[in-house]
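Here are my notes on this entry, in numbered points. Please read them with the structure open.

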Protein chains: 2
Amino acid sequence: MHNHALLAACLLTALSLPAGAQNQTLAQRLGHPADAKLLIIHADDLAVAHAQDMASFAALDRGAASSASIMVPCPWLTEVAEYAKAHPQADLGLHLTLTSEWKNYRWGPISPRDQVLSLLDPHGYLFSDTGEAVRHIKPEEAEREIRAQVETALKMGIRPTHLDSHMAVLFARPALVAVLARVAHEYHLPFLMLKIPGVPPDMYAALKPTDVVLDRVFMASPPIKPEDWLRYYTHILETLPPGVSELIVHLAYDDAEMQAVTIDHPDYGSAWRQRDFNVVTSPEFRKALEENHIRLVSWRDLGKLLPKP
Amino acid sequence: MHNHALLAACLLTALSLPAGAQNQTLAQRLGHPADAKLLIIHADDLAVAHAQDMASFAALDRGAASSASIMVPCPWLTEVAEYAKAHPQADLGLHLTLTSEWKNYRWGPISPRDQVLSLLDPHGYLFSDTGEAVRHIKPEEAEREIRAQVETALKMGIRPTHLDSHMAVLFARPALVAVLARVAHEYHLPFLMLKIPGVPPDMYAALKPTDVVLDRVFMASPPIKPEDWLRYYTHILETLPPGVSELIVHLAYDDAEMQAVTIDHPDYGSAWRQRDFNVVTSPEFRKALEENHIRLVSWRDLGKLLPKP
């Protein structure tokens with residue numbers, strides 16, 4: 001392309017995008033019809049355990065998951081970094097981690113512990129549960145830690161496509177949402193965000209008009225019985241409204257490691273994660289995606305909608 | 001016992017021990033004949049992985065290992081702490097850890113990273129190999145870190161019986177031996193130490209006359225072929241000289257987790273550790289111990305020889 005043709009193309013893009021973006025739905029901004037049903041199938045918790053990595057990589061490789069996110073402070077980070085370098089098109093974000101929830105298998109922060117004391121339990125690990133974490137965490141220390149997580153991932157050769165928050169800690173207080181938004185803006189990354197009706201608007205005060213806001217998020221939760229697993233997920237697909245939705249899954253192989261990691265915690269435990277893997281890789285789930293005209297999208301697609309740095 | 005009888009017993013001990021200790025062998029100080037063959041069968045690397053913990057606990061439970069030591073910075077520490085609390089008589093020391101040697105599974109220090117920068121590789125993990133660690137580590141930062149490891153273990157409810165050094169980092173330079181000895185003295189713990197002929201005496205300058213020095217240590221090393229595993233170990237037992245020896249083994253189950261932890265590293269890898277487990281729990285090994293009149297001892301026994309705090 002000649003230089004002046006390139007210039008014209010850039011101008012055209014610059015002129016058309018912002019005006020259109022105000023009125024278009026997120027689906028339309030992604031180049032789809034307004035009534036398109038777009039879905040991110042998102043595998044959480046990469047790097048937490050080898051069994052989680054192997055199941056999640058298998059699902060990504062066969063297109064059963066369209067995106068995933070990585071827990072930087074966890075011990076298997078290097079395994080995920082190797083995968084990321086070997087699969088540069090894989091849609092991998094950072095599952096910013098401010099909790100360490102398992103009983104016998106724990107991790108601490110990336111930052112020097114004495115600089116993030118408000119994140120730590122008495123043994124120097126991250127807190128076990130979201131409530132405790134949200135009550136104790138000082139936003140400036142959360143920001144220090146998540147910046148360290150982003151920088152560590154970059155140093156390891158990971159080029160994250162998006163940010164989200166392990167156990168939703170960063171979605172729980174306006175000051176923590178602001179930390180997430182600030183770091184995401186600085187690194188020009190989209191981040192998981194919903195606007196939930198009834199939540200006071202100060203929760204979203206740090207968002208910019210150009211931020212990507214998903215239409216809805218689905219995630220299996222404890223009351224579902226194992227025998228209803230497939231039906232829970234196919235029901236989501238059968239009733240999925242138009243727009244951009246995310247389905248969060250936790251994929252792992254139910255083996256000795258994963259059973260030990262999740263010991264005494266059947267919710268989101270080892271068998272749970274195997275069930276999630278079995279469903280998303282099943283012919284029935286694939287068929288339900290096709291029959292309901294659901295197209296998979298990724299956070300990389302959403303990232304392209306952000307203003308250029 | 002009446003108070004004055006107690007006092008007399010104490011005096012007797014105080015009078016008899018130091019004089020005797022000068023002339024007695026370590027075996028005699030432990031209450032055995034001078035020609036007794038005493039052996040610590042020591043399982044290294046507890047807390048590194050679930051498969052390591054399970055195999056090591058199984059060996060300790062059935063008396064196939066008489067002692068073990070724990071890697072405090074590793075993610076499965078809580079699993080080991082639970083075992084330690086449930087088995088207060090188990091002989092568990094601390095395998096002071098200044099390296100993180102596996103390819104895809106890493107850990108950092110316990111101390112705030114910015115206080116132990118000389119211990120860290122470019123990604124903030126402990127160095128992969130002993131040589132690199134020994135070249136870079138500042139003794140005062142090694143001391144800060146191993147103190148933090150001891151304090152963390154105590155806080156987790158572990159009462160260590162002894163100290164030793166993962167990948168022998170603390171045995172490699174006089175200043176590092178001095179760090180190990182200083183911390184061990186402060187916590188009144190025996191620590192793994194040999195006096196190797198030909199090593200300049202400044203290596204041992206920090207040792208006290210009351211420190212326990214083992215007669216010899218055995219550990220399998222790479223040239224041994226898998227089919228020679230049992231023979232390697234039974235040969236050690238058949239030719240064991242009198243005195244107090246330690247046989248270091250690495251016990252783990254050869255499963256998906258352990259194979260991934262030790263990927264690309266057959267030496268001391270997953271199959272290696274399963275072989276070690278198979279040998280020490282075998283009837284042939286048990287028989288060789290009996291036929292060669294070898295008695296198992298523990299670091300707790302050795303700790304009783306130290307001067308009382």
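How many residue pairs are in polar contact between chain A and chain B, both at pLDDT 80 or more?

1. **Polar contacts.** This is a predicted model. The answer is 12 residue pairs in polar contact between chain A and chain B, counting pairs with both residues at pLDDT 80 or more. Salt bridges are another matter: between chain A and chain B there are zero.

2. **Who supplies the surface.** Two helices of chain A deserve a look here. α4 (77-86) and α9 (256-261) each give at least two residues to the side of chain A that touches chain B. By class, that side has 13 nonpolar, five polar and nine charged residues.

3. **Extent of the interface.** Chain A brings 27 residues to the contact, and chain B brings 27 residues. About 2500 Å² is buried between the two chains. Carbon and sulfur atoms give 56% of that area.

4. **Symmetry.** What relates the two chains? A rotation of 180°, with 0.0 Å of shift along the axis, superposes chain A on chain B. The RMSD is 0.0 Å. That is the relation of a two-fold axis. Within chain A, A:P112 has the C-alpha nearest the axis, at 2.0 Å from it. Both copies use the same surface: 100% of the contact residues of chain A recur in chain B.

5. **The single chain.** Chain A contains 12 helices and seven strands. Its radius of gyration is 20 Å, close to the 19 Å that the globule rule gives for 309 residues, so chain A is as compact as a globular protein of that length. Along its principal axes, the C-alpha trace of chain A spans about 60 × 45 × 45 Å.

6. **Salt bridges.** Over all chains, the structure holds 18 salt bridges. One salt bridge to inspect joins the side chains of A:E82 and A:K85, at 3.5 Å from N to O. Where do these two residues sit in chain A? Both lie in helix α4, three residues apart, which is about one turn of the helix. Helix α4 is also one of the elements that supply at least two residues to the side of chain A touching chain B.

How values were computed. Residues numbered from 1 in each chain as written. Chains lettered and ligands numbered in written order. Predicted model: local features only at pLDDT ≥ 70, side-chain atom pairs only at ≥ 80, totals over all residues. Heavy atoms only, no water. Least-squares fit on C-alpha atoms with pLDDT ≥ 70 in both. Contact = heavy atoms within 4.5 Å. Buried area = accessible area lost by both parts, 1.4 Å probe. Salt bridge = Lys/Arg side-chain N within 4 Å of Asp/Glu carboxyl O. Polar contact = N/O pair within 3.5 Å; in protein donor to acceptor, adjacent residues only side chain to side chain. Helix = DSSP H or I, 4+ residues; strand = E, 2+ residues; numbered from the N terminus. Nonpolar A, V, L, I, M, F, W, Y, C, P; charged D, E, K, R; others polar. Rg over C-alpha atoms; globule rule 2.2 N^0.38 Å.
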